[in-house]
Amino acid sequence: MSSSTAIAPVSSRTDLQPSGTANGSEEQYVTFTVGSEEYGVNILAVREIRGWTPESRLPNLPDYVRGVINLRGIIIPIFDLRARFGGGQTQVTKRHVVVVMQVGERTRGILVDAISDILAIGHDAIKPPPDVDSGLIDAEYLSGLYTAENRMVTLLNVGKLFAGEHVDQDASRAALEPT
Amino acid sequence: MEPSVKKKVMTVDDSRTMRDMVSFTLRGAGYDVVEAADGQQAMSAIATNKVDLVITDLNMPVMDGLTLIRKLRAIPAHRTLPILMLTTEADESKKAEGRAAGATGWIVKPFNPDKLVSVVQKVCG
Amino acid sequence: MDDLSRFKQTYFDESAELLAVAEAGLLRLAPGEIDMDEVNAIFRAVHSIKGGGGAFGFNDLVAFAHEFETVMDGVRNAEIPVTTELVDTLIRANDVLARLLSHAADETDAPAGTTGDTVAALRRFLGKAGEQADEAATTPSAAIPAAAALYPDDEDDEAGIFGDALAAIQAARDDQPEPVASGPAPVPEGKVRWTIVFRPKAELLLSGNEPAYMLRALRRLGEAEVVCHLDRLPSLRDLDAELLHLSWTVTLLADPQVDRARIDDVFEFVADDCDIRISAEAPPPAIIPPTVIPPAEPEPVPAANLPQPAAPAAAPVTPAATTSGAAKPGDGAKRTNGGTGGGDHAGPTTHTIRVDLDKIDRLVNMVGEMVITQAMIAEHLRDLPPGQFQELLEGLEGLAQHTRELRESVMSIRAQPVSSVFSRMPRLVRECAAVTGKEVMLVTSGETTEVDKTVVENLVDPLTHMIRNSIDHGLESPEERERIGKPRAGTVHLSAAHRSGRIVIEVTDDGRGINRAKVLSKAIEKGLVQPGASLSDEEIDNLIFLPGFSTADQVSNLSGRGVGMDVVRRNISSLGGRIGVYSTPGEGSRFVLSLPLTLAVLDGMVISVGEERFVLPLTNIVESLRPKPADLHGLVNKCDVMMARGEYVRLVHLHRLFDIPKAIDDATKGLVVLVETEDGSRLGLVVDEVLGQQQVVIKSLESNFRRLDGVAAATILGDGRVALILDVAGLREMSRHGAGNGNASAGSTPPSPSLPAPADKSDQRQRQTV
C-alpha cells in the first residue's frame, strides 16, 4: 500500500463552496476512526492521507502536539486526535494514518487509527450535538452528528479543532466552518 | 557597383523607451544602431565606432545635446558628420541654437517612424 | 504607430522609475539652497514622460505633463522662485501624473477633474514670468500641435533639414573619399581587412613616441597599406618641428588569428594621446548572446570563409555596443564603450542585464534544495567505514565548499540595499507630519546596507508603523516642544547596519518617550499583567508589544486602522526577527528591529540532545568545549556557571529547557557550546554532541504552526527529519525564567531583558499556560 494518497487538489481558499454534487446540498466527508469512535471532516479540507512517519518532537507543548514532519519540503505539525480528546497519546505504529488537512493558509496533519469511508452527507441529515455540559465537551469543534447505517459519525469543524492559544496564537485566523 | 555597407546610426537619449523605439525603427530600415544615454557616453562610443549619423536628444544628464553637437563638430573627423536633433514641438529657439551649434537637421518628438527613416535616408544615405 | 506599441511596457517601466526620481528630488527641494542638478533631473523626468506619452497617443497625459514641465522649466531657469507652496503643488502634480500613467496603462480614462485643480495651481506659478512660455504653450489642446497630430500633412512640422548644413555635407563628401569605401575589392578569402585610422595628438612626439615604429609594428601583423594624411600640415613657416601634424590610415590584411587585441597592443602606450579608430571587415558574427561576452575582451574576429563575392552588410566588427536586432526592448546587455584606444572609459558603462525576478527566486530555491541534497549525501557518507573512500570524502568536502560559495553568490544577486525601502520614508514622514500638524525632520543612515530581497520586502510595513507611531505618539507638537526647550521640529532617525550576521534597524525619535503609567494601567486593565506585579521600566515599555495591547486610543487621524505594535512584532518574528524598544521619558524612544540577513539559508552547527537534533546558527557560536569539573560552579544554588574565556558564563541545559529524555546532564560528560547573542551576552549550552557544521535551508515553522520560544525556524536534515533551528536570545530568555524545570512557568509577565546593552533587544514572549 502506498504511503500516501492524494485527494484531488484543493484550493487554499477557506470559504469552502460546496462542490457541485448532484444533490446541491450534499457534501462529501472523509471519515476515520480513533478507538471505537468514528469522526468525519469535510473532504474539501483534506489534502492527502499518509501512513505515519516519525515526527520530530517540539518542546513544551501539550501531549496532543506530537511534533513536526517534513512534507515534501514544508514543515507541518502533527496532532494526535486521541490525545486531543483526552485519551492519551496514541501508541503509534506504521499502520496508523495521518490525514493532512489544509485549514486556511495552514497545512496540518492529524493522527488517527484508520480511514473509514467517504460519505456524501446532506445538510439536513446532520443533527446538532446533544445538549451536553459545555465543561465536559468543548463543543466548538463539533459541527454535528450523523448516522451512517448504525454508526454514529461525529463531524468535526476542522478550523476550530486545533485552534486556541497552544496552537494558533491568532485564533481569528482559523478557517470558517466547512458546513 | 560598390558593395553596400550598412550605415551606422548612433542614437543618444536618456530615455530608454526613446532609444528602443529609434533603434527598432532604424534597424527595421536596414541600419545598424548604437545607443548612448548621454553626451559623454556618445563621445566615448563615437571614438571606437565609425558612425554615419548621430541622432541626439537635447535634454540629457552629464552632457546635453547641444554641448554634444558642439563637441563633435570640434573634432575634424566629424566636421561633416550628419547630426540630427530630437526636439519637442517645433521649438524655434532650440532649432536656431542647434543650427548654430552645427546640427544638420531636426526631428520632432514623438516621431513618426516613416518620417524618421526618410530623414535619415536623406542625410546619410 | 502599431509597430511601436510594443514599447509601451518599456515606457511604463521607465516612467515609473522617473516618477520615483522626481518624487525623491521634489521631497528634497526646499526654499533656500537649491540643487540645480536635481531640478534639472526632475525636469528631465517629466520631459521624458511627456515625450514617450506622445508617442503612444496618451493625449491627456501629455497635456498635463506639459503644464508640469513648463513650471519645472521656469524653476530651472530661476524664473519661478522655490517656495513651500510650489513644492507641495509640484508633488501633487507628480501624483496626478502617476495616476494618469496608471490609467494609461490600464487603458481606462481618468475621471473628470483629476487634473483640473492641479493645472490651475501650476498655472498660478507661471504668472508673469511664465506668460511667454504660456503663450507658446497655449491651451492644453493646442499646446502640442505636432505631437498630438501624429500624421500631419505638412512634413515640415515633423522634421527638417537645415538647407545649408546638408549642402555643406554633400560638398565635403565630394572632396574627401571615404577611407573605408575606397577599396571596392572584396576581402580575400581567409583574411580580415582592418582599417586603422591613426590620428595622434600633436604632442605625441614630446612623449618620445615615434609613430613610425607603430606603423612598422602594424606591417608585421600582415599586409599593410599606409596612407598618410597631410591635411593638418601647416606651412613651413608655421611648422613646429616638435609637434606632429600627420595622421595615417592603414589598411591591413591579416590572418584571422590577428585579433583586435594585437592591434590595440601596437598603440598601447599612446592610446590616451591619440584618436585611433579601428574597424574590420568581415561578415557579422553569429548572434552571440550579449551576456556571454565579457566587457573588456574584444570580440574575436570570426574565422575564414567569407561569403562570395562581396561581403554583404559587412558590419564593422568592433567591440562596442551593438545589440542584435532580435533583442527584446529593455532586455539584453548594453555596452556603450568596450573598445580601447583613444576612448575614455569614464562614461557610466552599464555592464548589467535585466533579469526576471522569478528566475532569480527559482535559482535561489534550487540552490537551497541543492544544499539539502548535499547534506543528505554527507549524511550517508558518514556511515562509511573510516579510512576508505578518502577521495570520495574529499570530493564531498569540495562540493560542500562550492555549494557554500554558490549559495553566497546567488544570495548576493538578490541582495538589495535597504535604500529601496528607506526612500519611501521621506514621503511618509511628510504626510504624517502634515496630518498630525507636527514638524518632523527625517535623518537616515546606512541606506547602503544590503539584505536579501525577501527580507527587504517585509521591512516596509514594520517601518511604516514604527515611524507613524513615533510621529503620532512620540513627538510633541511644535508649540509644546518650544515650551519645553526642544527645537520645534522633531527628529526621527532611521538607520540600518549589519551586526553579528543580522541586519539591525533602528527608529529613534526625540519625543516624549513612552508614558509608562498609562501603558502599565492599560496592560493591567486588559489582564495582560497582574495588578501589583513589579516590572522594571524596560519591561513596562515593552508591554506595548503584547498581543491585545493595541487599543482604540491608538487610533488617531493617522492610523485609523489602529494597527498596533503587537501586529508589527508578530510579523517580524514570523521572519525570525526581533523587535524591542528603549525609552527615556521626555527624551524619546528607540525601536530596535533585528532580522536575519536572508530568509533562505543559514550556516549552522548541528548538535544533538538525547535523540533530538538541533541547529545553532554559526554566527552565534563562539566555541565548543568540554569543561573540567573544576571549571563549573554553582551560583546561589539556582544555576550553574562556567568559567570560559575569562568570564563566568551561565550554563543552560537544553534537555531541561526542552524536556528531552535520556540526555546528558553532566556538562563534563557532554559538551558545552559557548554562544553569544547580538548584544554580546553569553551562554553555555549543554548538549550531548556536536555533530558538525552544515548549511541548512531555513523552513518556516510558523507558517503551518506557530512560533515557539527559543526556536527561530526549522530545517530538514540529510535524513529527512526535521531539526529545529534555535534562537539563542530566545533560549536566554527561557532559561532566565526558570524554564529549566521543563515546563514553562505560568503568568503573563514578560521577562526582563536586563542587560543594559545599547543594541538589540529581544522581543517579549508571551508565556504559555499549560
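## Helix H12 of chain C

In H12(C), the buried residues are Val364(C), Val367(C), Gly368(C), Val371(C), Ile372(C) and Ala375(C). Buried means that 20 or more other C-beta atoms lie within 10 Å of the residue's own; 12 or fewer make it exposed, anything in between partly exposed, and C-beta atoms are placed from the backbone. Helices (H or I, at least four residues) and strands (E, at least two) are DSSP runs, numbered from the N terminus.

H12(C) covers residues 357-381, 25 residues in total. From first C-alpha to last, the helix reaches 36 Å, close to the 36 Å expected at 1.5 Å a residue. That expected span is 1.5 Å times one less than the number of residues. Contact here requires C-beta atoms, placed from the backbone, within 7 Å.

## Model and numbering

This is a predicted model; local features need pLDDT of at least 70, side-chain atom pairs count only at pLDDT 80 or more, and totals for chains, interfaces and linings use all residues. Residues are numbered from 1 along each chain as its sequence is written, while chains are lettered from A and ligands numbered from 1 in the order in which they are written.

## Met734 of chain C

Met734(C) sits in helix H23 (residues 728-736) of chain C. Met734(C) counts as buried because it has 27 C-beta neighbours inside 10 Å. Asp709(C) is 25 residues away along the chain, yet the two C-alpha atoms are separated by 7.1 Å.

## Chain A

Chain A holds two helices and eleven strands. From the N terminus on, the order is β-β-β-β-β-β-α-β-β-β-β-β-α. Of its 179 residues, 39% are buried. Take the contacts in chain A between residues at least 6 apart in sequence: 58% of them join residues at least 24 apart.

Chain B has a mean pLDDT of 86, and 94% of its residues reach 70 or more. pLDDT is the predictor's confidence in each residue, from 0 to 100. Among the elements of chain B, strand S1 (residues 8-12) has the highest mean pLDDT (94) and helix H4 (residues 92-101) the lowest (82). Where pLDDT is low, the predicted coordinates should not be read in detail.

Asp57(B) is found in strand S3 (residues 53-57) of chain B. Asp57(B) is buried because 28 other C-beta atoms lie within 10 Å. Leaving aside neighbours within four places in sequence, its contacts are Val12(B), Asp13(B), Asp14(B), Met18(B), Gly65(B) and Leu86(B). An unreviewed UniProt entry annotates Asp57(B) as "modified residue: 4-aspartylphosphate". UniProt positions follow the numbering used here, feature names are shortened, and annotations may be inferred rather than shown by experiment.

Terms used:
Contact = placed C-beta atoms within 7 Å.
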